[in-house]
Amino acid sequence: MIDLQVQDKTHDEARQGEALILDTPIKADARKLYIESYGCAMNFADSEIVASILSETGFETTGDYHQADVIFINTCSIRENAETRVRNRLSQFGVEKRRNPKLIVGVLGCMAERLKSKFLEEERLVDVVVGPDAYRDLPNLIEQVESGHKAVNVLLSREETYADISPVRLNSNGITAFISITRGCNNMCSFCVVPFTRGRERSRDAHSIIEEARGLFEAGYREVTLLGQNVDSYTWTSEDGTETVNFAQLLEQTALVSPDLRVRFSTSHPKDITDEVLHTIAKYDNICNYIHLPVQSGNTRILELMNRTYTREWYINRIDAIRNIIPGCAISTDIIAGFCTETEEEHEETLSMMDYVQYDFAYNFTYSERPGTLAARKLEDDIPEEVKKRRLAEILAKQQAHSLMRLQEWVGKTVRVLIEGTSKKSDLDYCGRGDSGAMAIFPAIDGVKPGQYANVYIEKCTSATLIGKIV
């Protein structure tokens, strides 16, 4: 995978394995919790829920696992290298556990159900395994371990949304935050394990989402990202049946919290994104003109094998609708190279789709068979690795060119940027994103600080970053 821009994306490689820390006063008698997260934005948001639940029982977070009483790894099963990373980290934590036998080590999240027996019994790497719908049970499970028993809860729920839990903001810049609006997924894409690890889709109470967004804005946050495996299928109905809210309506309600609260969302599904959503984005200046619309393949036969439930023509129709309703809207995507039985001609159709859309950025992978998926059970992973890598290289090269072209379009223009903090390379420079999600770097000036909006004149760019000055 290549990171072409800093963005709220499916997998932020810079954050993989990040220890999440809540900035709270240190209490001498507080137990210490260390959480390390892998995978997508949903996993990082879930770690905030876990920290909130355990803070109610006296835990404080720490960034040093040597000081921890409890270590959790929040896991991802989407890609093979994520599992390799987690196993390596568990081995390292095992060394610390031999030094401190009272240390509790646990695995959370998407890897929990599939590998629970291996982690608990065969390899004996952990004390507790907890699935993404069972985080409320963590205090009880920790007590079980402290009494000398292994503990596991990987039950999936049709109701759990954690709507009543206010997530702590771990490692937050105090400016941008995630809000989970759905959990689980009903799309049975043949390559994906999410429906099996996160369960069936359910939508969170719309009122709790708007309340959370309003609370974040009042606390000084200026951007929220509405998160779900498929945000477009969000539909919440009140218990008495008198109120139903779809995603377009939720998006509008969030935008109405304040014109100074910028709204993003991820991820959309091509089969579900509606013109109503697009018109809502166009209507409100504070809903970002950016849509992540995974294509996965540009060929209809491969899309059918992937069980994506749309065709090449349908996807192009949705791209055309975006271009017509939201002129200048940035579009990103996901692409899988070398899916089962993919021919050279079908790979070329993916490249031609890239030429048609000219994505602002993309997250690209070679196909990796995931145990338990429909593809693993019914399709042969028959594309040689060297062919997969060559096709991926062609995709990456084309995307690199398109990303540079899209950023060059901003040179000579003024962009309204939300300042997120100082640049990683220099404290003398600020960084922040424009409406399209492109990261801009510009000199800091007196009287302007993070959390404020600034008009930045773009003087030049790299293939990943806009460079300019405040005007």
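**Salt bridges.** I started with Glu-344, which forms a salt bridge with Arg-390, the closest N and O atoms being 2.6 Å apart. For the term I take a side-chain nitrogen of Lys or Arg within 4 Å of a carboxyl oxygen of Asp or Glu. This pair links distant parts of the chain: Glu-344 sits in helix H11 (residues 344-357) and Arg-390 in helix H13 (residues 385-408), 46 residues apart. Helices here (H or I, at least four residues) and strands (E, at least two) are DSSP runs, numbered from the N terminus.

Glu-344 is partly exposed, with a relative accessible area of 30%, and Arg-390 counts as partly exposed at 32%. My scale: buried means under 20% relative accessible area, exposed over 50%, partly exposed in between (1.4 Å probe, protein chains only).

A note on what I'm reading: this is a predicted model, where local features need pLDDT of at least 70 and side-chain atom pairs count only at pLDDT 80 or more, while totals for chains, interfaces and linings use all residues. Residues are numbered from 1 along each chain as its sequence is written, and side-chain values use heavy atoms, with hydrogens and water left out.

Next I found Glu-349 and Arg-312, whose side chains meet in a salt bridge (3.6 Å, N to O). Here Glu-349 belongs to helix H11 and Arg-312 to helix H10, 37 residues apart, so this pair also links distant parts of the chain. Glu-349 is partly exposed at 28% relative accessibility, whereas Arg-312 is buried at 14%.

I also noted Glu-409 with Arg-406, at 3.4 Å between the closest N and O atoms. Glu-409 is partly exposed at 38%, and Arg-406 is buried at 14%. Salt bridges that share partners join Glu-223, Arg-262, Arg-264, Glu-420 and Arg-433 into one network. A search of the whole structure gave me 27 salt bridges.

**Strand E14.** Five bridges join strand E11 (residues 223-227) to E14, and the two run parallel; two strands pair, by my rule, if DSSP finds at least two bridges between them. Val-224 stands opposite Val-263.

Where is the cis peptide bond? I found it from Ser-266 to Thr-267, with omega near 10 degrees. Thr-267 lies in the loop between E14 (262-266) and helix H8 (275-283).

**Cores.** Which residues have the most contacts inside the largest nonpolar core? They are Leu-226, Phe-247, Leu-250 and Ile-291, in a core of 66 residues. I count as a core a set of buried Ala, Val, Leu, Ile, Met, Phe, Trp, Tyr and Cys residues joined through side-chain atoms within 4.5 Å. Apart from it lies another core, of 23 residues, among them Phe-72, Val-128, Ala-151 and Ile-165.

**Helix H4.** The buried residues of H4 (residues 138-146) are Leu-138, Leu-141, Ile-142 and Val-145. They are on the same side of H4, because they cover an arc of only 100 degrees around the axis (the arc of the directions from the helix axis to the C-beta atoms). The face turned away from that buried side carries the exposed Glu-143 and Glu-146.

**A hairpin.** E21 and E22 form a hairpin with four residues between them, and they pair in the antiparallel sense over five bridges. Cys-461 has Leu-466 in E22 as its bridge partner. Strand E18 (residues 414-422) also pairs with E21 (residues 453-461) in the antiparallel sense over five bridges.

I looked at the loop between helix H9 (300-305) and helix H10 (312-325), where Asn-307 lies. Asn-307 has a positive phi near 60 degrees and is partly exposed at 30%. Thr-309, in the loop between H9 and H10, has a positive phi of about 65 degrees although it is not a glycine; Thr-309 is exposed at 54%.
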